[in-house]
Amino acid sequence: MTATVVLLRGEGLGKRYATPVLSGVGFELHGGEVLALTGENGAGKSTLSKIVAGLVDPSEGEMWLEGQPYRPRSRKEAERLGVRMVLQELSLVPTLSVAENLLLERLPNTAGFIRRDVLNQAAAKQMAMIGLEAIDPRLPVSALGVGHQQMVEIARSLVGECRLLILDEPTATLTSREIEHLFHQIALLKARGVGVVYISHRLDELQQIADRVMVLRDGKHVETRPMRGSTQDDIVRLMVGRDVHEALDRPRRPAGAVAMRVKGMSRGTVVRDVSLSLHNGEVLGLAGLVGSGRTELLRLIYGADRKDSGEVLLGNATTPARIATPVQAVKAGIGLVTEDRKSQGLLLPLSIRINTTLANLKAVAGGGWLKRDEERVEVERLRQLLRVRSDSSEQAVGQLSGGNQQKVVFARWLHRDCEVLLLDEPTRGVDIGARADIYAQMDRLAAAGKALLMVSSDLRELMSVCDRIGVMSAGRLVRIFERGEWSEHALLEAAFSAYLAADAANGAKAA
Amino acid sequence: MSAQIKPISTRTAVTSALGTVAGLLVALALMVALFSALSQYFFTADTFVTIANDIPAVAVTAVGMTFVLIIAGIDLSVGSVMAVSAAAAGIAMLQWQWPLLPAMGLAMAVGLVAGAINGSVTVAFRLPSFIVTLGMLEVARGAAYLATGSRTQYIGSKIDWLGKPFVAGLSPAFFIALAIVILAQIVLTRTVFGRCMIGIGTNEEAMRLAGVDPRPIKIAVFAIAGLLAGLGGVFLSSRLEAADPNAGIGAELVVIASVVIGGTSLMGGRGSVVSTFFGVLVISVLEAGLAQVGASEPTKRIITGCVIIIAVVLDTLRERRKRTS
């Protein structure tokens with residue numbers, strides 16, 4: 001390391017929403033170094049980097065930029081001070097040209113008329129700076145591949161002064177050649193004295209590019225150490241924590257007959273040839289990194305997205321069930337608790353009553369007419385069974401807390417009485433009290449012989465709730481662990497496995 | 001650990017609907033009082049009977065439009081559909097010597113087909129209903145000109161009794177419209193179909209993932225809107241005693257304005273047929289009153305436009321306050 005200047009220092013940084021997601025994190029970033037930031041899903045990487053970039057206001061803690069107190073109140077303010085962040089989601093305007101996107105905030109103009117020649121020249125210079133001379137700045141962004149769009153996004157961050165650049169999973173959509181190119185650019189930035197924060201869970205990349213690695217776990221700083229001399233194993237151990245998994249031991253639930261078999265389910269590169277069987281009376285977990293295809297697998301089973309190939313067999317049927325739409329899935333006895341209950345699960349301005357009976361209106365109707373008294377009685381029963389904290393069944397679900405909203409979604413599928421329940425992050429944004437109620441409800445469902453398939457990013461939750469845990473990595477179901485076989489380390493290793501294998505293959509090709 | 005829940009009135013949905021109707025009644029009362037003060041001829045049975053016999057065409061069409069807005073769609077074609085349906089009825093009565101009732105049935109069937117096409121194209125190609133019904137606005141108007149040879153077909157007494165006084169000075173058309181308003185309100189609040197409409201307008205994706213197929217419901221709603229526009233066309237003919245290919249030009253705007261004044265949301269998911277009926281009343285009382293006080297046509301239009309905007313602003317403010325309370 002050549003630089004010794006402390007560019008950015010943070011102390012005791014924290015952020016709490018309903019619960020703390022980050023607390024007491026301190027760090028130092030030097031000019032001209034690449035600091036890798038890593039950790040499990042939900043460890044606080046994004047929150048910390050968004051605090052630095054001015055996108056999130058910290059609840060506690062202080063920062064200093066080159067010795068001056070630094071507390072950006074907006075992304076704009078951070079950018080004015082030379083702190084920039086490239087977000088995972090692209091924020092380019094696809095219909096405008098590369099040049100217009102690059103200089104969107106300061107388009108060269110004369111009395112409001114854009115000076116295209118000046119604009120394109122400036123853009124070309126900017127692109128050349130990061131080695132993208134090959135791209136014509138006059139092309140619309142939508143004409144570029146995703147990888148090049150990502151590079152344009154990075155180029156845009158470098159317009160104007162840039163002292164600190166945060167890259168959040170920049171290689172997720174890049175090919176190995178583009179990654180090489182990106183790394184070359186990062187090396188150039190380093191030489192210019194720019195400090196780089198590099199967020200990724202691709203450990204081999206971190207080893208290649210980073211000078212030091214900082215590991216977060218559960219919103220807390222675990223350790224920052226030099227990259228040189230750290231093995232991937234060391235880092236995984238830091239991410240998981242040395243503490244052996246607590247008393248998560250419980251007997252495996254007695255599994256019944258096969259409730260559902262999934263065979264060769266595929267969609268593009270997102271879900272690749274996944275097969276599994278799910279038994280009555282068990283909870284099968286699905287672990288994996290964000291983007292490993294877990295949500296997509298559930299949506300394919302449910303008919304919410306179109307599959308390229310694959311089939312679903314229910315019970316002891318020998319012919320595949322016809323499930324091309326959610327309507328058919330629900331008819332076949334499958335329910336889905338969606339990942340995003342606000343946009344995909346609930347009718348927020350409407351009452352608990354209306355939301356509860358939605359999937360099974362026939363049960364509270366005769367000849368198309370709603371039997372309002374029966375509906376009221378039934379919903380009231382479910383509301384009390386699930387302990388939905390609310391004034392009455394007529395309260396709008398939008399007014400409930402996250403946990404109680406999720407209980408309403410559960411109530412809907414209880415009302416429907418489906419045989420197979422697909423659960424996508426069922427406890428996300430749910431407070432601890434409501435969480436226990438939801439686990440208890442899952443227990444009751446399993447005991448009643450229902451089959452549950454549950455996606456979660458919280459390994460500890462999976463380990464305590466599930467009878468088996470399947471791990472997905474880069475679209476494939478890489479392994480199914482039986483209760484007793486798993487440890488956090490083994491699960492996480494499996495979750496990373498396909499990414500490492502893919503990169504090894506890429507490396508081999510390059511060699 | 002317990003979640004913090006704000007104590008919020010649970011009767012918000014009911015009070016909201018009542019609040020809309022109450023607000024519209026107050027507005028109506030104020031308008032009646034104002035026009036009565038300005039013109040000695042306004043506050044008479046004659047005026048109110050005239051208004052009542054004027055509204056059926058707009059009222060039944062607005063019922064269909066309420067359904068369409070509740071599922072977050074819009075139907076710009078209703079004015080033209082009124083004309084083509086009326087033309088079909090007129091030709092059936094004049095050239096084929098059909099009696100009124102089957103001719104009315106034909107008009108409604110023509111409207112139903114136009115609406116079903118609107119709905120099917122919207123659903124099948126996932127297009128905004130704005131564009132599809134804008135196309136139908138032209139198609140149906142063209143069809144109306146074709147069918148009538150671009151001439152007003154005089155029908156006469158065969159149809160005019162629909163709009164003539166029947167009981168207490170009120171016409172059969174008025175009673176039919178009233179019955180349809182009540183029936184539609186019951187469908188909206190008491191049936192599975194009505195529940196699904198509200199759900200689709202609130203969050204179509206959530207409905208789909210709950211296992212309710214939104215497509216047939218959306219097609220049915222547009223078909224109903226077309227059918228009711230067809231009936232509205234017959235009512236319009238009965239007032240004119242003719243099938244006029246130019247009938248109902250711009251009617252879609254009056255209809256949409258009535259529905260929106262009635263508090264139905266253009267964003268979908270919220271609405272009431274009864275409130276729509278009061279919205280229709282507000283507009284026709286305003287028109288009749290302005291005519292009585294001798295306002296010129298341009299003045300009438302300016303004032304009507306302002307009333308529409310004020311009504312929607314008030315409704316939006318009320319909704320916003322409810323949400324933040």
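Helix α3(B) is followed by Ala72(B), a residue whose phi is positive, near 65 degrees. The model described here is predicted. Ala72(B) is not a glycine, yet its phi is positive. Most residues other than glycine have a negative phi. The loop that holds Ala72(B) runs between α3 and α4 (78-94) of chain B.

Ala72(B), by contrast, is partly exposed, because 19 other C-beta atoms lie within 10 Å, whereas a buried residue requires 20 or more.

Asp218(A) has a phi of about 50 degrees although it is not a glycine. Asp218(A) is placed in the loop between β11 (212-217) and β12 (220-226) of chain A. With 16 other C-beta atoms within 10 Å, Asp218(A) is partly exposed.

The two chains also meet. In chain A, 41 residues are in contact with 28 residues of chain B. On the side of chain A that touches chain B, the elements giving two or more residues are α10 (326-331), α11 (341-345), β19 (369-370), α14 (402-416) and α15 (432-447) of chain A. Of these, α10(A) gives the most, with four residues. The residues on this side of chain A comprise 21 nonpolar, 15 polar and five charged.

Methods. Residues are numbered from 1 along each chain as its sequence is written. Chains are lettered from A and ligands numbered from 1 in the order in which they are written. This is a predicted model: local features need pLDDT of at least 70, side-chain atom pairs count only at pLDDT 80 or more; totals for chains, interfaces and linings use all residues. A residue is buried if 20 or more other C-beta atoms lie within 10 Å of its own, exposed if 12 or fewer, and partly exposed in between; C-beta atoms are placed from the backbone. Two residues are in contact if their C-beta atoms, placed from the backbone, lie within 7 Å. Ala, Val, Leu, Ile, Met, Phe, Trp, Tyr, Cys and Pro count as nonpolar, Asp, Glu, Lys and Arg as charged, and the others, Gly among them, as polar.
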